[in-house]
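Biologist: Hello! Could you walk me through this structure in plain words, starting with its cross-links?

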Amino acid sequence: MSSKRQTTIARLCAACAFSALIVGSSHARADETTNALLDLLKSKGAITQTEYDKIKARQQAEAKEGAQKLQAAETRAREAEAKAREAEAKAHEAEAKAESDSAEVAKVKAQTLTAADMPIPSKMAPKPPVEYVTALKKCVGIRVNQVDICIKGDISFFGIEQWPDHNTVGVFTQGPNGSGIVQVPVPSVAGGLATVGNHASNSIRGGLLPSSIQVGISTNQNGLDIGAYFGVYVGGNNIQPNIVNANGNGSPFSLGTPGVDFRQVFGTIGTPSWGTVKIGRDIGIFASDAILNDLTLFGVGTPAGNLRPNNTTLGRIGVGYIYTDFMPQITYKSPTWGGFTFWLAAMTPLDELNFSGTPFSANMTGHDLPMGQAKIQYVGTWSPDVKLTLSTSGVIQKQQAECLNNTVSTVGLSTCALQNEPAFINGMPTMAAGTNVTTWAVDAFAMLEVWGFNFVAYGYTGKGVGTTGLFFDGVDIFGDRRRSDGGYLQAAYTFKGGWWLPNPLTVGASWGVSSLETAGTSNAFEIQSCHLSTIAPVSSVTPNGFGCLVKHNESWIGFARYNLTDWVKLQAEFVSTIAENQIGQEIHDKAVVVGTTFFW
């Protein structure tokens with residue numbers, strides 16, 4: 001309480017006491033004077049005894065009344081003093097509250113000023129700072145202050161029964177355990193995706209899309225949208241690591257473990273008006289629309305290697321498109337203008353690889369420039385039931401024969417004349433140190449979604465990019481680029497559901513092919529090797545036999561997918577795969593697939 005207020009209350013109390021004192025003393029002096037005057041008048045005979053008695057009685061009555069008034073005044077003074085003390089207490093309380101309120105107001109103002117200096121994420125509607133943790137509507141995750149933490153993933157497993165081609169031939173062979181006739185696959189289709197075997201095979205394995213857990217973190221700082229993303233994938237079956245690590249051959253033995261594929265780890269930074277830059281490892285650009293809109297992505301497709309199931313199946317990889325792959329990259333994605341968006345990327349270069357194992361495919365391991373990829377896409381929506389997507393993408397990379405000093409030929413080293421290849425084969429010079437070629441490919445994609453129907457058409461062409469995987473068997477040992485072509489067609493219809501169907505059901509079919517041509521210099525040698533393979537085919541037990549490079553991998557697929565719940569989808573497929581070599585010999589297999597994928 002202030003000193004001024006305390007002085008005011010003290011003055012009020014003193015005034016009350018002084019008033020009571022003055023009243024009491026004035027009454028006492030008046031009584032003494034009146035008594036003296038009456039006695040004097042009576043002694044001089046001015047008033048009679050009777051008059052004297054009346055006056056004295058009246059005086060006593062007035063004195064009594066005055067005493068009562070004095071007592072009442074003292075009571076009022078005490079009440080006034082009590083009220084003053086009460087007022088003083090209330091004043092103390094009010095002052096303490098005022099001081100507390102002032103501190104709180106100052107704190108709120110300070111917080112308000114601090115919050116005003118902090119940027120509000122453009123993707124988040126401004127809200128009062130009362131909810132520090134909120135649930136996300138389209139994600140299993142939370143929002144903590146200005147940071148979204150999002151968790152996504154899937155669990156994908158299918159039962160597969162495959163009936164391989166029974167084409168085998170008896171070949172005499174000698175080995176450390178003796179000699180005799182062994183059965184080897186025939187015809188030879190090196191790099192083919194159809195299967196040869198004596199018996200059907202069964203497996204429970206992951207599909208084209210492996211099971212995964214993906215975590216995304218996003219926020220806005222200084223007006224920039226910033227994100228980080230981590231994706232870990234696993235097929236579920238035991239694998240035997242090799243040059244492709246988690247995607248190596250299956251290893252169906254006790255105590256094995258599945259391959260873990262940490263294929264996504266990247267950050268993004270951008271704005272809605274300027275676009276986004278991605279830095280890290282993520283899916284490529286070339287052929288990405290082909291795989292992301294392949295309806296076997298959530299199923300199986302061609303189940304190559306079903307006898308020894310590896311990390312994933314193939315879907316239409318190698319039977320309609322080249323795998324886009326996941327690679328370290330720096331990618332710019334533009335904003336969307338009038339339905340158009342474009343991507344431009346520099347990616348880590350990949351080696352040219354002799355994937356088929358034929359003697360005429362080369363390895364090339366030298367790179368002095370990054371791989372370049374780009375895409376432009378148009379998306380037009382005319383109604384909720386009509387949508388058109390068009391795109392074209394491309395890839396280009398320089399490949400070089402990096403020949404180390406007298407290195408013995410092993411997987412992963414460049415093909416080099418006089419080191420791991422003779423200088424000439426039938427008079428033709430093989431790849432010399434420093435040989436370089438430019439490999440490239442372009443594609444076109446179209447998808448029409450109309451009234452429940454889905455139609456897709458895709459095609460690609462290129463040189464030196466190979467087949468199935470990027471740069472698999474794309475260049476021969478003479479340094480010539482092989483031509484690659486392929487594509488697929490897909491049609492499906494989704495029944496929305498009704499009294500006879502509680503949830504949506506999608507049925508459809510697709511056909512696709514991937515082709516690889518021999519190059520000019522090696523063509524005659526490869527055709528000769530193909531004819532010799534019909535007599536002495538190469539295999540694991542006949543390594544000195546002859547092989548024949550694949551020319552076409554083709555498949556027909558029919559499928560049905562039922563949305564059991566928002567998270568659970570059931571899918572069944574029938575798959576027929578055909579592999580054809582360079583002289584027209586074919587291998588056929590068939591498979592039936594039933595399984596499920598959980599999405600969240």
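Modeller: Happy to: the structure holds 1 disulfide, where a disulfide means a pair of cysteine sulfur atoms within 2.5 Å. This is a predicted model, so local features need pLDDT of at least 70 and side-chain atom pairs count only at pLDDT 80 or more, while totals for chains, interfaces and linings use all residues. Residues are numbered from 1 along each chain as its sequence is written, and side-chain values use heavy atoms, with hydrogens and water left out.

Biologist: Which residue does the disulfide join to cysteine 530?

Modeller: A disulfide is a covalent bond between the sulfur atoms of two cysteines. Here the S to S distance is 1.8 Å, and the angle about the S-S bond is 85°, which is right-handed. Cysteine 530 sits in helix 4, and its partner, 18 residues apart from it, is in the loop between helix 4 and strand 22 (550–563); helices (H or I, at least four residues) and strands (E, at least two) are DSSP runs, numbered from the N terminus. The partner is cysteine 548.

Biologist: Are cysteine 530 and cysteine 548 buried or exposed?

Modeller: The words rest on relative accessible area: buried is under 20%, exposed is over 50%, and partly exposed is in between (1.4 Å probe, protein chains only). By that rule, both cysteine 530 and cysteine 548 are buried.

Biologist: How many salt bridges does a search of the whole structure find?

Modeller: Side chains of opposite charge can pair when their charged atoms come close. To count, a side-chain nitrogen of Lys or Arg must be within 4 Å of a carboxyl oxygen of Asp or Glu. Searching the whole structure gives 8.

Biologist: Which residue forms a salt bridge with glutamate 526?

Modeller: The closest N and O atoms of this pair are 2.8 Å apart. Glutamate 526 lies in helix 4 (residues 523–533) and its partner in the loop between strand 19 (453–463) and strand 20 (483–495), so the pair ties together parts that are 44 residues apart in sequence. Both residues are buried. The partner is arginine 482.

Biologist: Where does lysine 375 lie, given its salt bridge with aspartate 289?

Modeller: The side chains of aspartate 289 and lysine 375 meet at 3.1 Å, N to O. The two are 86 residues apart, with aspartate 289 in helix 3 (residues 288–292). Aspartate 289 is buried, and so is lysine 375. Lysine 375 lies in strand 14 (residues 371–383).

Biologist: Which residues line the largest cavity?

Modeller: On a 1 Å grid over the protein atoms alone, a cavity is a set of points where a 1.4 Å probe fits but cannot get out, and lining residues have an atom within 4 Å of a point. The volume, about 30 Å³ here, is the space filled by probe spheres set on the points, with grid points joined across faces, edges and corners. The lining is Thr358, Pro359, Phe360, Glu526, Ser529, Cys530, Gly547, Cys548 and Leu549.

Biologist: How many bridges join strand 18 to strand 19?

Modeller: Two strands pair if DSSP finds at least two bridges between them. Strand 18 and strand 19 run antiparallel and form a hairpin with 2 residues between them, where tryptophan 451 in the turn has a positive phi of about 50°. Alanine 441 stands opposite glycine 462 in strand 19. The number of bridges is 11.

Conventions: On a 1 Å grid over the protein atoms alone, a cavity is a set of points where a 1.4 Å probe fits but cannot get out, and a pocket is an open set with protein on both sides within 12 Å along at least five of seven lines; lining residues have an atom within 4 Å of a point.
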